Amino acid sequence: MASATAAPAAAAPDLAPTLEQLRLLAGELRLLLPGLRVGEAQETTKEFNRETFWRRLNEVAMQVSREALTLTTIFSRPPLPSPQETQSLCERIHVAIKGTIAVYYSLPKGQGITLRKLVRNATLDIVDSMAQLVEVLVNTPTQSPENTDLISCNSVFIACEHVPRIPRDNKAAALLMLTKSVDFVKDAYEEMEQAVEERDPYSGLLNDTEEDNSDNQGNGGLGSPNNQDAYWSQEDQELLTPCLALVRASKACLKKIRVSVAENGKKDQVAQLDDIVDISDEISPSVDDLALSIYPPMCHLTVRMNSKSCDPTAGR
């Protein structure tokens, strides 16, 4: 009996140092994120080799993925590794993450700001997801059944698997961003169109809460049909048609831009492609602001201001 109780006591001193090493690693990874968000490309006199860059980026992403698998496997079942083993693993993870960041910094601005943003975001996702994984392993006991799903579902693998799908040049990156803008505006337009056709923007919400608000029907409660703040007035409705027309025009404009870039854009027109994406990126949030402002109670001044910023024919 004495030896049985002594074994856990002997193992206890190693538990805190091991987890402390993971906590330190998570903190170090978190400290890398602010600089990565604003970091500039490294100045070099060497000629940029696109094939070498993408090969190296894929390799470091695969390395991070392998280290994440090793980390998860070791810490998701007892016993915990020794401090020496943990230190070695933490060092390998840190090297893999720093290597990924270094490859991103080797991508020159001359290859395109739009492309660099996509690679930067992918790198941020890898670093952030690894930090999250380490934090989860620190805070979740090894005996917990929650750890059994970490290998298959943790976000490190998803972030690393995204790397091969990043566009390989600035034209492809621009087309990807333009497609996202078109899809966003298309969704906003369809949502606005449906609300206008039904003449009842909050119908779903009111129907869901109709029974809960039945006591307020005669008192103008928030959920009652006679609450005028939940419906468009005649003056409101007169603004809806031109608002829809503006969003439809924005959608058509973005589609034409995307087609023009696809058919006429040149890979070496880096600055021009970046300018097109920058201008197009202003349209999506403007459409979003306009779409949100048409819902009652409508402020006509806000709608008119948002309409001007949403107008694709206006100077930007």
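Q: What makes some residues in the lining of the largest pocket count as nonpolar, and how does the lining divide by class?
A: In this predicted model, the lining of the largest pocket divides into four nonpolar, five polar and three charged residues. Lys46, Glu47 and Arg56 belong to the lining, and they count as charged because Asp, Glu, Lys and Arg form that class. Phe48, Phe53, Tyr105 and Pro108 also line the pocket, and they are nonpolar because Phe, Tyr and Pro are listed in that class. The pocket holds about 220 Å³ of space, and helix α2 (residues 50-75) gives the largest share of its lining, three residues.

Q: Why is α2 called roughly antiparallel to α6?
A: The two helices pack at an angle of about 165°, with their axes 9 Å apart. Angles over 145 degrees count as roughly antiparallel, and α2 is therefore roughly antiparallel to α6. Ala61, Val64, Ser65, Ala68 and Leu69 in α2 meet Val156, Phe157 and Cys160 in α6, a contact with seven nonpolar residues, one polar and no charged.

Q: How do you know that α4 and α6 are roughly antiparallel to each other?
A: Helix α4 (residues 113-139) and helix α6 (residues 155-162) pack at about 165°, with axes 8 Å apart; the cut-off is again over 145 degrees, so the pair is roughly antiparallel. Their crossing is left-handed.

Q: What makes the contact of α4 with α6 include a charged residue?
A: Among the α4 residues that meet α6 is Asp125, which counts as charged because Asp is in that class. By class, this contact has seven nonpolar, four polar and one charged residues.

Conventions:
Residues numbered from 1 in each chain as written. Predicted model: local features only at pLDDT ≥ 70, side-chain atom pairs only at ≥ 80, totals over all residues. Heavy atoms only, no water. Axes fitted to C-alpha atoms, helices over the stretch in contact; angles between N-to-C directions. Helix = DSSP H or I, 4+ residues; strand = E, 2+ residues; numbered from the N terminus. Parallel < 35°, antiparallel > 145°, perpendicular 65-115°, else oblique. Left-handed = near helix turned anticlockwise from the far one by under 90°. Contact = heavy atoms within 4.5 Å. 1 Å grid on protein atoms, 1.4 Å probe; cavity = no way out; pocket = protein on both sides within 12 Å on 5 of 7 lines; lining within 4 Å. Points joined across faces, edges and corners; volume = space filled by probe spheres on them.
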